[in-house]
Amino acid sequence: MPLRDLIAARIRARGPITVAAFMDLALYHPQSGYYATAPQRSGQAGDFFTSVDVGSIFGELLAVQFAQMWRLAGFPARCDLVEAAASNGRLARDVLDGAQADDPDFYAAIALHLVETSAAARGAQRETLGPHAAKLASGGDSLPTGITGVIFANELLDALPVHLVVMREDGLKEVHVGERNGELVAVEGPPSTPEIAAYLARVGATLGPGCLAEVNLAAEAWVARAARSLAKGFLVIIDYGRDAAELYSGAHANGTLRSFRHHATDPAPAGWLADPGERDITAHVDLTGVRLAAERENLVTLAALDQTYLLLGLGLADRLSRGTGDPVADLKRRLAAKTLLVPGGMGSTHKALIFGKNVGTPRLTCTSFKVRLT
């Protein structure tokens, strides 16, 4: 049964479902969900671009930071390197390539763990890792526990299911997904859980009349799980988003929930309802909510900065100046760097949040250029 028909049948049987429940089915249904049916969804042939698609330099620079984190954690003989939402392992491959070339001692200590819900993507990981496949200590769909090292996630939280709410004159309403004459439609009803209002209160959000907004309870829950999985080390989250003060302001009165297919967003109202299982669905991350969730689990916030400053702090300019001896390869790396840094693009839309556990408050290499969150 097509996923759209499955969703419609569920609604007819049980009534309207939350947008979070719809997203969970559309993106993560084990047989028909968007991320379940292909080992890779990003890149030129996919529906969206990530920093990984630009080239290997992003992973190489992350390896520089992870190596310092290994040293700050006391040079453990085994450094767990855990990537969440690892897809087919392309970012992990770039990180390991960089570590092997630049820091053999760190590379020797790495025990890699790849966490990915898609069975298709997990099946491609060893081939993608290539010569590093022996570094893979575990792979699965959930975070391992007792981690000493680094947990990192690049563009995970924006794809977690969100609740969609709207402020009306008589109070907060939640947008649900209903079915009418065979079509999926957005309908309003009371909030499905008191946790929605509690979340908005925690982050200090006040919605104006008619304003739409997303509440990502799943992101809070994931951060809490990651914090509890970490015995000692660091949590690194890179994603696009804004602080709550801006995200829930009039500047985003229509919300940020969008769907993408072939690198284009559907401009129609509630376009994210179209073709479930065949398009990406995302929403901006509430950086305030993430930080508060981490700190409630006794993590220490060590850095919050734009991707531009993260990469410059890790030596991007110096790495480009070295050159490879191959003019074509050097040009590609310069163009990749421009894409990663350009204002208004990935450089400023993507933010890095870094937290520590049982490591004190060290100064991180990535903050050596500037610490700025725009």
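Two strands are taken to pair if DSSP finds at least two bridges between them. Helices (H or I, at least four residues) and strands (E, at least two) are DSSP runs, numbered from the N terminus. The structure is a predicted model, in which local features need pLDDT of at least 70 and side-chain atom pairs count only at pLDDT 80 or more, while totals for chains, interfaces and linings use all residues. Residues are numbered from 1 along each chain as its sequence is written, and side-chain values use heavy atoms, with hydrogens and water left out.

Strand S6 has pairing partners in S9 and S7. With S9 (residues 212-215), S6 pairs in the antiparallel sense over 4 bridges; here Leu 164 has Glu 214 of S9 as its bridge partner. The pairing of S6 with S7 is antiparallel and spans 5 bridges, and Val 165 is bridged to Glu 174 in S7. S6 and S7 are joined by a hairpin through 2 residues. S7 in turn pairs with S8 in the antiparallel sense over 7 bridges, where Val 175 stands opposite Glu 188 of S8. The S7 and S8 hairpin has 2 residues between the strands, and Asn 181 in this hairpin takes a positive phi near 55°.

Two packed helices are described by the angle between their axes and the distance between the axes. Axes are lines fitted to C-alpha atoms, for helices over the stretch in contact, and angles run from 0 to 180 degrees between N-to-C directions. For helices H1 (residues 3-14) and H2 (residues 19-28), the axes come within 10 Å and cross at roughly 155°. H1 and H2 are therefore roughly antiparallel to each other (angles under 35 degrees count as roughly parallel, over 145 as roughly antiparallel, 65 to 115 as roughly perpendicular and the rest as oblique). Their crossing is right-handed (the near helix is turned clockwise from the far one by less than a right angle). In H1, Leu 3, Ile 7 and Arg 10 meet Phe 22, Leu 25 and Ala 26 of H2, contact meaning heavy atoms within 4.5 Å. By class, this contact has 5 nonpolar, no polar and 1 charged residues (Ala, Val, Leu, Ile, Met, Phe, Trp, Tyr, Cys and Pro count as nonpolar, Asp, Glu, Lys and Arg as charged, and the others, Gly among them, as polar).

H2 is mostly covered, with 7 of its 10 residues buried (under 20% relative accessible area; exposed is over 50% and partly exposed in between, with a 1.4 Å probe and protein chains only). The buried residues are Val 19, Ala 20, Phe 22, Met 23, Leu 25, Ala 26 and Leu 27. Elements against which they pack include H1, S6 (163-168), S7 (171-180) and S8 (183-189). Asp 24, also in H2, counts as partly exposed at 40% relative accessibility. Not counting residues up to four places away in sequence, Asp 24 touches His 29 and Pro 161. The C-alpha atoms of Asp 24 and Leu 160 are separated by 7.7 Å, although the two residues are 136 apart along the chain.

Helices H4 (residues 57-72) and H5 (residues 90-102) pack at an angle of about 60°, with their axes 7 Å apart. H4 and H5 are therefore oblique to each other, and their crossing is right-handed. H4 contributes Phe 58, Gly 59, Glu 60, Leu 62, Ala 63 and Phe 66 to the contact, and H5 contributes Leu 91, Asp 94, Val 95, Gly 98 and Ala 99. These residues divide into 7 nonpolar, 2 polar and 2 charged.
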